Amino acid sequence: DEGGRLIIAIDGPSGAGKSTLAKRLAKELGFIYVDTGAMYRALALKVLREGVDLADDASMARLIGSTTIDLRHVDGALQVLLDGADVAAEIRTPQVSQMASKASALGVVRARLLELQRDMARRGSIVAEGRDIGTVVFPQAEVKIFLQASAAERARRRFAELQGAGQSVDLTETLREIEERDKRDSERDLAPLRQADDALMIDSSSFDADQVT
């Protein structure tokens, strides 16, 4: 609580409903909504566009050093600004999701994104959601929530979301990708996905968005 600013940290696996919850809370409380996953996705999109090898430390360092990522809320919609251009519509593909998960395991990537996320918290009270918000980014957060749901339910939600966006997807493949991402996120050495000791766990498997909120 710096100068009266409050931080609500929401962590959990892909598809648990973190974005929906964070957006609702931010709107109701008048807080800034910080979608850290969108920031990682934006960087992943640039990696894919430029064809950079994640294992090439020098190239990754150059890419990160020349990249700016910011979030802006315009007329209730989240803009994800990658080097000044809004890429919000381009970062929700399975390919970008998988690259974001892989890139987020790199120390140089997490260090830069951590810096940008903490900068956003200096603007005012925030609701931040991601994989390591309550454990690494904002361990001092006043409220910590760990939002969980079964892999099958999360795959169903993700499948419906992608279908609704007009993408050709397969439910079995979506479930496989969710399970693969869960494994990678929870087993990585750097800032793994885990519930903070002082976080409230909410299982959203059988709740709708209103009930979770």
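Predicted model: local features only at pLDDT ≥ 70, side-chain atom pairs only at ≥ 80, totals over all residues.
1. The largest pocket. Its volume comes to about 790 Å³, and among the 33 residues that line this pocket, G17, K18, S19, T20 and E161 are the closest to its centre. Several elements contribute at least two lining residues each, namely the helices α1 (18-29), α2 (36-50), α7 (151-164) and α9 (209-212), together with the strands β2 (32-35) and β4 (77-82). By class, the lining of the largest pocket consists of 14 charged, 11 nonpolar and 8 polar residues.

2. The second largest pocket. This pocket holds about 260 Å³ of space, and its lining is made of K23, R24, A26, K27, F31, I32, Y33, H73, G76, A77 and L78. At least two lining residues come from each of α1, β2 and β4, with α1 giving the largest share, 4 residues. Here the lining divides into 6 nonpolar, 3 charged and 2 polar residues.

3. Positive phi at D83. This residue, which is not a glycine, has a positive phi near 50 degrees, and D83 sits in the loop that runs between β4 and β5 (85-86). Because its relative accessibility is 38%, D83 counts as partly exposed.

4. Positive phi at A191. Phi is also positive at A191, another residue other than glycine, with a value near 45 degrees, and A191 is placed in the loop between α8 (171-187) and β8 (200-203). With a relative accessibility of 13%, A191 falls under the 20% limit and therefore counts as buried.

5. Over the whole structure, a search finds 21 salt bridges. One of them pairs D119 with R122, whose closest N and O atoms are 2.5 Å apart; D119 is partly exposed, at a relative accessible area of 36%. In another, E153 is joined to R156 with 2.7 Å between the closest N and O atoms, and these two residues are separated by about one helical turn because they lie 3 residues apart in helix α7. Of this pair, E153 is buried, with a relative accessible area of 16%, whereas R156 is partly exposed at 45%.

6. The side chains of K183 and E187 form a salt bridge with an N to O distance of 3.1 Å, and E187 is exposed, its relative accessible area being 51%. K183 and E187 are 4 residues apart in helix α8, so about one helical turn separates them.

Notes
Residues numbered from 1 in each chain as written. Heavy atoms only, no water. 1 Å grid on protein atoms, 1.4 Å probe; cavity = no way out; pocket = protein on both sides within 12 Å on 5 of 7 lines; lining within 4 Å. Points joined across faces, edges and corners; volume = space filled by probe spheres on them. Nonpolar A, V, L, I, M, F, W, Y, C, P; charged D, E, K, R; others polar. Buried < 20%, exposed > 50% of the residue type's maximum accessible area, 1.4 Å probe, protein only. Salt bridge = Lys/Arg side-chain N within 4 Å of Asp/Glu carboxyl O.
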